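Good morning, colleagues. Please look at the sequence and the structure on the screen, and I shall then take you through them.

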Amino acid sequence: MSMTSVHRDAQGDETPLGERIMMEAIRQGEVDGWGAVRLTEVAARLELSTSRLLAEYRDLDAVANAWFRRGWLAMLDEPPEGFAAWPERSRLEHCLRAWFEAFAAHRRVTVEMLCHKAHPPHLHTWVPMVFDLSRTIQWVREAARLEARYGSRRAQVEEVALTALFVATLAVWARDDSDNQARTRRFLAKQLSRGEGWMKWVPGGHVKAPVEAMF
């Protein structure tokens, strides 16, 4: 079994080393932009050898992946009482809002991370990013407790619809300077309300008929 590396500062504070590295990288990204973050500078700031840092993260993209894992954990956090009895739309809204709210305090640098991954010269990050998006949608379905069996026609339609919804909401969120992400929350609620009616026509829903539209 692998052990979690722990860094002890002079005051005796104990924090997993990976977490300290990630948060120092975020801090530097907030100041200079994510593209300007250098892991050697992160190591120096934390008084670590670069080889010690490498044992935690192979590169800056690995730091970004660890950061985005927070969104999955936020969605999977203990839900409110009675969550299982909520309508699907409400469960989805709760889980998707949890993802976006997990990064709200560091929205700018989070968006920069995504742009860095999608930048044309960074071909090595494109395919993993596609799979990470797919995993995010799978965790949305799990966290929202959608009932359609994986691989079924309804589950496939849900995945396509949720992927489109997530990407569209992400585009709104990336430019949302409103209080408490109000514009993003309104957009998400509107799209889910619209999609709820359409999804009733998907096989596996309440009405057995071909799907006519998507989110």
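Gly 33 follows helix 1 and has a positive phi, near 95°. Helices here are DSSP runs of H or I with at least four residues, strands are runs of E with at least two, and both are numbered from the N terminus. Please note that this is a predicted model, in which local features need pLDDT of at least 70, side-chain atom pairs count only at pLDDT 80 or more, and totals for chains, interfaces and linings use all residues. Residues are numbered from 1 along each chain as its sequence is written, and side-chain values use heavy atoms, with hydrogens and water left out.

Let me stay with helix 1. The expected span of a helix is 1.5 Å times one less than its number of residues. For the 16 residues of helix 1 that gives 22 Å, and the end C-alpha atoms are 22 Å apart, so the two agree. Among the buried residues of helix 1 are Leu 17, Ile 21, Glu 24 and Gly 29. Buried means under 20% relative accessible area, exposed means over 50%, and partly exposed lies in between, with a 1.4 Å probe and protein chains only.

The loop between helix 1 and helix 2 holds Gly 35. With a relative accessible area of 48%, Gly 35 is partly exposed.

Now the chain as a whole. It has nine helices and two strands, in the order β-β-α-α-α-α-α-α-α-α-α from the N terminus. Of its 215 residues, 39% are buried. Among contacts (heavy atoms within 4.5 Å) with a separation of 6 or more, 60% join residues 24 or more positions apart.

What lies inside? In soluble globular proteins, nonpolar side chains tend to be buried together. A nonpolar core is a set of buried Ala, Val, Leu, Ile, Met, Phe, Trp, Tyr and Cys residues joined through side-chain atoms within 4.5 Å. The largest one here has 45 residues, and those touching the most other members are Ile 21, Trp 34, Val 42, Val 63, Met 75 and Trp 99. Helix 1, helix 5 and helix 9 are among the helices that each supply at least two residues of this core. Helix 4 gives the largest share, eight residues. As for Trp 34, its contacts beyond four places in sequence include Ala 25, Leu 60, Val 109 and His 116.

I turn to the aromatic rings. Rings of Phe, Tyr and Trp (its six-membered ring) pair if their centres lie within 6.5 Å; planes under 30 degrees apart count as stacked, over 60 as edge-to-face and the rest as tilted. The whole structure contains 10 such pairs. In one of them, the ring centres of Trp 67 and Phe 103 are 5.6 Å apart with planes at 50°, so this pair is tilted. Trp 67 belongs to helix 4, and Phe 103 to the loop between helix 5 and helix 6, 36 residues apart. Trp 67 is buried at 1% relative accessible area, and Phe 103 is buried at 0%. Both belong to one aromatic cluster, which also includes Trp 99 and Trp 173.

Finally, consider Glu 93, which is in helix 5. Which residues does Glu 93 touch, beyond four places in sequence? They are Arg 185, Leu 188, Ala 189 and Leu 192.
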